[in-house]
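Student: I have a model open and want to check the terms used for it. Can we go through them?

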Amino acid sequence: MQNADSNMDYLPAFEHKGSGVPIVLLHGFCGSRRYWYDVLPVLSSHYHVIVPDLRGHGSSPVSEGTYTMERLADDTLALLDRLKIEKAFVFGHSLSGYSTLAFAEKYPERLLGFGLVHSTPLPDTEAGREGRLKAAAQIREEGVQAFVDGLIPKLFAPEHRTSMEQKVKAAKDMGYATSAEGAIGCALGMRDRPDRTDVLMRTDLPVLLLAGELDEVIPEERRFPVAHANITAVTLPGVGHMGMMEDPARFADEIAAFIEKSRGNEGA
């Protein structure tokens, strides 16, 4: 993994497949673009799907310091510019939901619509902020692998931790590729992020809020804080924080249904 500057010359590692309406799928904390491999075949048969690794994750270059949500949003912009994509749908999982909101705030003209996947526009609670500092300290002291081993099982619905043991192991293996700098940088960036509920309240863009019924990371009261005609709120039954792996068929269907609904409204 190479080092990278924090300027706009930065470009994440990525894959893209398919043609048509462009959609960007951004993975969560200590994940990688491989999170999307179960849904990629379905979605790429209809759309141009772009799946990058976040800064400091997977095969993407590393930089030091705090990875603010605005900085991660700029990485997404750099990717769209590299691919000469004027407008796209952007869907952010967990951590990347926070950076997707930063993107929507900074660059709304580059979006066809956006989605928060197992995420929230709300800032960390005080307990959550303290937890970010503890996570950063653990990674410094024990390394990424020990942290990932503790984190990943909690992302799956309780029953899936055993019934989907191979998927849990695969998600751990993806997490091990995260650099310590990347994990710490994102933990601190999440801690510092502001409340962006107002972005959802102000936007006229189509928005998808996709939650997991059994998500133990994003509690129910933080999933759908804003209701507007342009916001589609969906709960995936029987899944935790990893809908794209726990129920990929239903997950892909909900993404596609949202895109088609958004395009239909645009043409109306």
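Tutor: Start with pLDDT, the predictor's confidence in each residue, from 0 to 100. This is a predicted model. The mean pLDDT of the chain is 95, and 96% of its residues reach 70 or more.

Student: What makes residues 1-7 a stretch to treat with caution?

Tutor: Over residues 1-7, pLDDT stays under 50. Where pLDDT is low, the predicted coordinates should not be read in detail. The model has 19 contacts beyond four places in sequence for residues 1-7.

Student: Why are S4 and S5 called paired?

Tutor: Pairing takes at least two bridges between two strands. Strand S4 (residues 88-93) and strand S5 (residues 111-117) have six, so they pair. The sense is parallel. Among the partners, Gly92 bridges to Leu116 in S5.

Student: What is the strand order of the open sheet?

Tutor: Its seven strands run S1-S3-S2-S4-S5-S6-S7, with mixed pairing. S1 (14-17) and S7 (231-236) are the edge strands, each pairing on one side only. Neighbouring strands are turned by 15° against each other on average, direction ignored.

Student: What makes H2 mostly covered?

Tutor: Buried means under 20% relative accessible area. In H2, 11 of 14 residues are buried, including Met69, Arg71 and Asp74. The cover includes S1, S4, helix H3 (95-106) and helix H8 (180-192).

Conventions
Residues are numbered from 1 along each chain as its sequence is written. This is a predicted model: local features need pLDDT of at least 70, side-chain atom pairs count only at pLDDT 80 or more; totals for chains, interfaces and linings use all residues. Side-chain values use heavy atoms; hydrogens and water are left out. Helices (H or I, at least four residues) and strands (E, at least two) are DSSP runs, numbered from the N terminus. Axes are lines fitted to C-alpha atoms, for helices over the stretch in contact, and angles run from 0 to 180 degrees between N-to-C directions. Contact means heavy atoms within 4.5 Å. Buried means under 20% relative accessible area, exposed over 50%, partly exposed in between (1.4 Å probe, protein chains only).
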